[in-house]
Amino acid sequence: VESLNTSLVAAEAQSKTKDNKFAAMCCDLFEDMMLEKEVDLTNDSEEGQKYLKLLNSAVKFVKDDKTENIILIFSVAVLKTFMKQFATIIQSDGEPSESAVSQINSLFTAKNPRIEASRVYLLKELRRDMSIVQIRKLCENITDKYPWIEMY
């Protein structure tokens, strides 16, 4: 990981921006690794609690402008992975446990451009299988449980 971070810093210095192909590749790689195993949030399992703790850390790192490159990339991958899994859950009428819902709501109500981008990513994931009308109806149906979705 340290050598990967060094490579990323070097690639960033060459491109003069954090938005470069190497960073995108790293994010995709981390995301693919995380998607290998889906986490069940419908109960308060130990695995689900660990995942929510990881998600909480990722949100904190994403909101912090001083987060190191590799940590930021990994954190974005965690958010993307979560949004993919969350899209699947809400499309299938699945329901995370009450404690998971509470934690998810507290994380995604933040007013932060990067968090808002992750909410937009949820819409992108929903759009893969649903029409805009279906997405709007779904969002209307779940805003009582997930108030941050109403922000769309």
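**View 1. The buried residues of helix α6.** In α6, the buried residues are I115, S118, R119, Y121, L122, E125 and L126; buried means under 20% relative accessible area, exposed over 50% and partly exposed in between, using a 1.4 Å probe and protein chains only. Seen down the axis of α6, these buried residues fall within an arc of 150°, so they line one face of the helix; the arc is that of the directions from the helix axis to the C-beta atoms. With 15 residues, α6 reaches 21 Å from its first C-alpha to its last, close to the 21 Å expected at 1.5 Å a residue. That expected span is 1.5 Å times one less than the number of residues.

A word on what you are looking at: this is a predicted model, in which local features need pLDDT of at least 70 and side-chain atom pairs count only at pLDDT 80 or more, while totals for chains, interfaces and linings use all residues. Residues are numbered from 1 along each chain as its sequence is written, and side-chain values use heavy atoms, with hydrogens and water left out.

**View 2. The whole chain.** The protein chain has seven helices and zero strands, running α-α-α-α-α-α-α from the N terminus on. Helices (H or I, at least four residues) and strands (E, at least two) are DSSP runs, numbered from the N terminus. Of the 152 residues of the protein chain, 41% count as buried. Among contacts with a separation of 6 or more, 71% join residues 24 or more positions apart; contact means heavy atoms within 4.5 Å.

View 3. Helix α3 covers residues 46-63, and its 18 residues should span 26 Å at 1.5 Å a residue; the end C-alpha atoms are 26 Å apart, which agrees. Its buried residues are G48, Y51, L52, L55, A58, V59 and V62. Looking down the axis of α3, you find these buried residues within an arc of 120°, so they line one face of the helix. The face turned away from that buried side carries the exposed residues E46, K50, K53 and K60.

View 4. Two packed helices are described by the angle between their axes and the distance between the axes. Axes are lines fitted to C-alpha atoms, for helices over the stretch in contact, and angles run from 0 to 180 degrees between N-to-C directions. α3 and α4 pack at an angle of about 125°, with their axes 8 Å apart. That makes α3 oblique to α4; angles under 35 degrees count as roughly parallel, over 145 as roughly antiparallel, 65 to 115 as roughly perpendicular and the rest as oblique. The contact is made by Y51, L54, L55, A58, V59, F61 and V62 of α3, and by residues of α4 including I71, L72, F74, L79 and F82. The axes of α3 and helix α5 (residues 98-108) come within 10 Å and cross at roughly 5°. α3 and α5 are therefore roughly parallel to each other. Here Q49, L52, L55, N56 and V59 in α3 meet S99, A100, Q103, I104, L107 and F108 in α5.

View 5. F108 lies in helix α5 and is buried, with a relative accessible area of 0%. Not counting residues up to four places away in sequence, F108 touches L55, V59, L79, F82, M83, I115, S118, R119 and W148. F108 and P147 are 39 residues apart in sequence and 9.2 Å apart in space, C-alpha to C-alpha. I115, found in helix α6, counts as buried at 0% relative accessibility. Leaving aside neighbours within four places in sequence, I115 is in contact with V59, V62, K63, L79, L107, F108 and A110. The C-alpha atoms of I115 and K63 are separated by 7.2 Å, although the two are 52 residues apart along the chain.

**View 6. Helix α7 beside α6.** Helix α6 (residues 113-127) and helix α7 (residues 132-142) pack at an angle of about 125°, with their axes 10 Å apart. That makes α6 oblique to α7. The contact is made by L123, L126 and R127 of α6 and I132, I135, L138 and C139 of α7. In α7, the buried residues are I135, L138, C139 and I142. Seen down the axis of α7, they fall within an arc of 100°, so they line one face of the helix. These buried residues pack against α4 (69-91) and α6, whereas the face of α7 turned away from its buried side carries the exposed residues V133, R136, K137, E140 and N141.
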